[in-house]
Amino acid sequence: MDRAHRTHGTADQTRRRSWRRRTAGVGVATALALSAGGVGMASAAQAADGYFRVWEHNGAGGAGCAWFGDDADYRYNTDCGNFNDRVSSLKNDGYPGAFEDVQIFEDINYRGASICVPNGAYWSSMPAGWNDRVSSHKWVNAC
Ligand SMILES: [Ca+2]
Ligand SMILES: [Ca+2]
Ligand SMILES: [Ca+2]
C-alpha cells in the first residue's frame, strides 16, 4: 500500500499489526503485561514498549496516562479520565522504526500549534509555553 495515501486510522492499525508481530514470539505473561501497561505502572525508566506516556506533574509525578495509538481528544480517556491541558512531563516509549515520533498538539483533533517528541525522549518538564497545554497527539514517522 502506498504509505502516502494511508488514512490516519490505517496508519494506527499498521502500528498495532506491527506490535503483534514483534510480540508474537514473547511469552503470554509478557504480552499480557505489555497490553496491561501504561497507567499506573509507568515510570521514567520504562523501556520501549510502544506507549506514549504523560503525567500531570513534572518529573513523571502525579496521575498518568498512556496510549498505544493516536489520541484526538485528551478530554476523554477510558483509563485516566480527563487529561486535557494537564500534561507537565512525558515520555515517548514507542518502538524505534516506523511511527516512532510523537507530535503533540495544543488543541484537540490534531489542531493548533504542535511540537515533536522524538523516539525515546523523556521530558521531566515541558518546553517553554507547553505546560498544561497538550490536547491531542499522533504518531508520525518523523517530526
Ligand atoms: Ca482521548
Ligand atoms: Ca500539569
Ligand atoms: Ca490545549
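**View 1. Strands β1 and β2 side by side.** Strand β1 (residues 51-57) runs antiparallel to strand β2 (residues 61-67), and the two are joined over 5 bridges. Helices (H or I, at least four residues) and strands (E, at least two) are DSSP runs, numbered from the N terminus, and two strands pair if DSSP finds at least two bridges between them. Look across the pair and you'll find W55 opposite G64 in β2. Together β1 and β2 make a hairpin, with 3 residues between them. In the turn sits G59, with a positive phi of about 65°.

A quick note before the other views: this is a predicted model, where local features need pLDDT of at least 70, side-chain atom pairs count only at pLDDT 80 or more, and totals for chains, interfaces and linings use all residues. Residues are numbered from 1 along each chain as its sequence is written, while chains are lettered from A and ligands numbered from 1 in the order in which they are written.

**View 2. The open sheet β5-β4-β7.** Here 3 strands line up in the order β5-β4-β7, with antiparallel pairing. β5 (111-117) and β7 (136-140) are the edge strands, each pairing on one side only. From one strand to the next, the twist averages 25°; the axes are lines fitted to C-alpha atoms (for helices over the stretch in contact), and angles run from 0 to 180 degrees between N-to-C directions.

**View 3. Where β4 meets β7.** Strand β4 (residues 101-107) pairs with β7 in the antiparallel sense over 5 bridges. Across from V102 you'll see W139 in β7.

**View 4. F99, in the loop between β3 and β4.** F99 belongs to the loop that links β3 (89-93) to β4. Its phi is positive, about 55°, although F99 is not a glycine. F99 is also buried, with 21 other C-beta atoms within 10 Å. The cut-offs: 20 or more such atoms within 10 Å means buried, 12 or fewer exposed, and in between partly exposed, with C-beta atoms placed from the backbone.

**View 5. Y110, in the loop between β4 and β5.** Y110 lies in the loop between β4 and β5. This residue isn't a glycine either, yet Y110 has a positive phi of about 60°. Y110 counts as partly exposed, with 18 C-beta neighbours inside 10 Å.

View 6. For the chain, the mean pLDDT is 81, and 70% of its residues reach 70 or more.

Methods: pLDDT is the predictor's confidence in each residue, from 0 to 100.
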